[in-house]
Amino acid sequence: MNKYIDHTLLKQNATREMLEKLCSEAKEFDFKTVCVNPCWISYCKNLLKNSNVGVCTVIGFPLGAMTTEAKAFEAKNAVAEGADEIDMVLNIGKLKDNDFEYVVNDIKKVKEAVKDKVLKVIIETCLLSDEEKVRACEAIIAAKADFVKTSTGFSTSGATKEDVKLLKEASKGILKVKAAGGVKSYQDMVDMIECGADRIGTSSGVLLMSNKTVSSGY
């Protein structure tokens, strides 16, 4: 189960000490990655050297509403800094405007910037109708990204089992699914995986692996 977890710290007030703790925990539990803001990529990469833990970062976070060019530059820079995986935020307003071409191109340009690195696309399910969630998956498939991810953790709610099932079906076996936010216990994590999640984004990986319930946090 540990390798399902992206051990996450995306708070604005994250400090060097907090990142050191995150990476130490990730090494101890051998999580899949740590997920951190771009300014911490190289720092975490150094802390995690000689381990099997990768570094994931976020692009266009948390709103997804910056220009495509800005996202692509940020993604290219993140890879240069040492990022192994990229979680970008889809342009939600453009999706709601049915500007499918814009949404696909926005993702495609980031994918071109990161080349063979894993690209996950955050669609913020709590802001979308079921039809829009399916349409988002179609755009991600068209742009040749790797994952659809439920949530940033900065909006009104996180992943639900129903959304994970829907995204898994809409992905047609092409995309993987990352459930982020709303995973409050080890059983929640099991349930998400049984519903089709291939990855879990959580700031509480240690508590989940210790079979403790999370009272707050991402």
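Is I193 buried or exposed, and what is its relative accessible area?

Reply: Before the numbers, a word on where they come from. This is a predicted model, so local features need pLDDT of at least 70 and side-chain atom pairs count only at pLDDT 80 or more, whereas totals for chains, interfaces and linings use all residues. Residues are numbered from 1 along each chain as its sequence is written, and side-chain values use heavy atoms, with hydrogens and water left out.

Now your residue. I193 has a relative accessible area of 19%, so it counts as buried; the cut-offs are under 20% for buried and over 50% for exposed, with partly exposed in between (1.4 Å probe, protein chains only). I193 sits in helix α8, residues 186–195. Helices here are DSSP runs of H or I with at least four residues, strands are runs of E with at least two, and both are numbered from the N terminus. Skip the neighbours within four places in sequence, and I193 is in contact with M1, Y4 and I200, where contact means heavy atoms within 4.5 Å. K165 is 28 residues away from I193 in sequence, with 9.8 Å between their C-alpha atoms.

Just past the end of α8, G196 takes a positive phi of about 125°.

Follow β7 from there. Four of its five residues are buried, so β7 is largely enclosed by the rest of the structure. β7 pairs with β6 in the parallel sense over three bridges, and pairing requires DSSP to find at least two bridges between the strands. Zoom out, and the eight strands form a closed barrel in the order β1-β2-β3-β4-β5-β6-β7-β8, with parallel pairing. Ignoring direction, neighbouring strands of this sheet are turned by 25° against each other on average.

Next, some helices elsewhere in the model. Helix α3 (residues 68–81) lies across β3 (54–59) and β4 (85–89), at about 165° to β3. Axes are lines fitted to C-alpha atoms, for helices over the stretch in contact, and angles run from 0 to 180 degrees between N-to-C directions. The α3 axis and that of α5 (residues 100–114) come within 8 Å and cross at roughly 25°. That makes the two helices roughly parallel; angles under 35 degrees get that label, over 145 is roughly antiparallel, 65 to 115 roughly perpendicular, and the rest oblique. On the α3 side, the contact is made by T68, K71, A72, A75, K76 and V79, and α5 brings Y102, N105, D106, K109, V110, A113 and V114. By class, the contact has seven nonpolar, two polar and four charged residues. Nonpolar covers Ala, Val, Leu, Ile, Met, Phe, Trp, Tyr, Cys and Pro, charged covers Asp, Glu, Lys and Arg, and the others, Gly among them, are polar.

α5 also packs with α6 (residues 130–143), at an angle of about 45° and with the axes 8 Å apart. That angle makes α5 oblique to α6. Here α5 uses F100, V103, V104, I107, K108 and K111, and α6 uses R135, E138, A139, I140, A142 and A143. The class count for α5 with α6 is eight nonpolar, no polar and four charged residues.

Finally, a few backbone details in the loops. K172, in the loop between α7 and β7, has a positive phi of about 55° although it is not a glycine. K172 is exposed, with a relative accessible area of 60%. N50, in the loop between α2 (41–47) and β3, is another non-glycine with a positive phi, about 65°. N50 counts as exposed at 81% relative accessibility. And in the loop between β3 and α3 you'll find P62, joined to F61 by a cis peptide bond with omega of about 0°.
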